[in-house]
Amino acid sequence: MSAEPTNGPTEDQVEILEYNFNKVNKHPDPTTLCLIAAEAGLTEEETQKWFKERLAQWRQSEGLPSECRSVTD
């Protein structure tokens, strides 16, 4: 294996992220995000980015707008 960074999380990391997204919390608070990042071996920024992108995918699959808006919009 090369020592160069990959363009995204590994399969094992995605498994950890998906578990937390589906079973724990789709909107983790900063402390939880930090713990998930540590468990997955990613930075907090990488983890936050993954959750943001995954939430947009989930919202689209549910027929919701990809960005969170108020119900009055």
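Good morning. I begin with F21, which counts as buried because its relative accessibility is 1%; buried means under 20% relative accessible area, exposed over 50% and partly exposed in between, with a 1.4 Å probe and protein chains only. The model is predicted, so local features need pLDDT of at least 70 and side-chain atom pairs count only at pLDDT 80 or more, whereas totals for chains, interfaces and linings use all residues. Residues are numbered from 1 along each chain as its sequence is written, and side-chain values use heavy atoms, with hydrogens and water left out.

Let me turn to the aromatic residues. A search of the whole structure finds three aromatic pairs. Rings of Phe, Tyr and Trp (its six-membered ring) pair if their centres lie within 6.5 Å; planes under 30 degrees apart count as stacked, over 60 as edge-to-face and the rest as tilted. F21 and W50 form an edge-to-face pair, at 6.2 Å centre to centre and 90 degrees between the planes. F21 lies in helix 1 (residues 11-24) and W50 in helix 3 (residues 44-61), so this pair ties together parts that are 29 residues apart in sequence. Helices (H or I, at least four residues) are DSSP runs, numbered from the N terminus.

F21 also pairs with F51, in a tilted arrangement with 6.1 Å centre to centre and 50 degrees between the planes. This second pair links distant parts of the chain, with F21 in helix 1 and F51 in helix 3, 30 residues apart. Together, F21, W50 and F51 form one aromatic cluster.

What sits over the ring of F21? The charged end of K26 does, 4.9 Å from the ring centre. A charge sits over a ring if NZ of Lys or CZ of Arg is within 6 Å of the ring centre and within 35 degrees of the ring normal. The charged end of K26 also sits over the ring of W58, 5.1 Å from its centre.

Finally, I consider Q13, which is in helix 1 and is buried, with a relative accessible area of 14%. Leaving aside residues up to four places away in sequence, Q13 touches A40, G41 and L42, where contact means heavy atoms within 4.5 Å. Thank you for your attention.

Terms used. Helix = DSSP H or I, 4+ residues; strand = E, 2+ residues; numbered from the N terminus.
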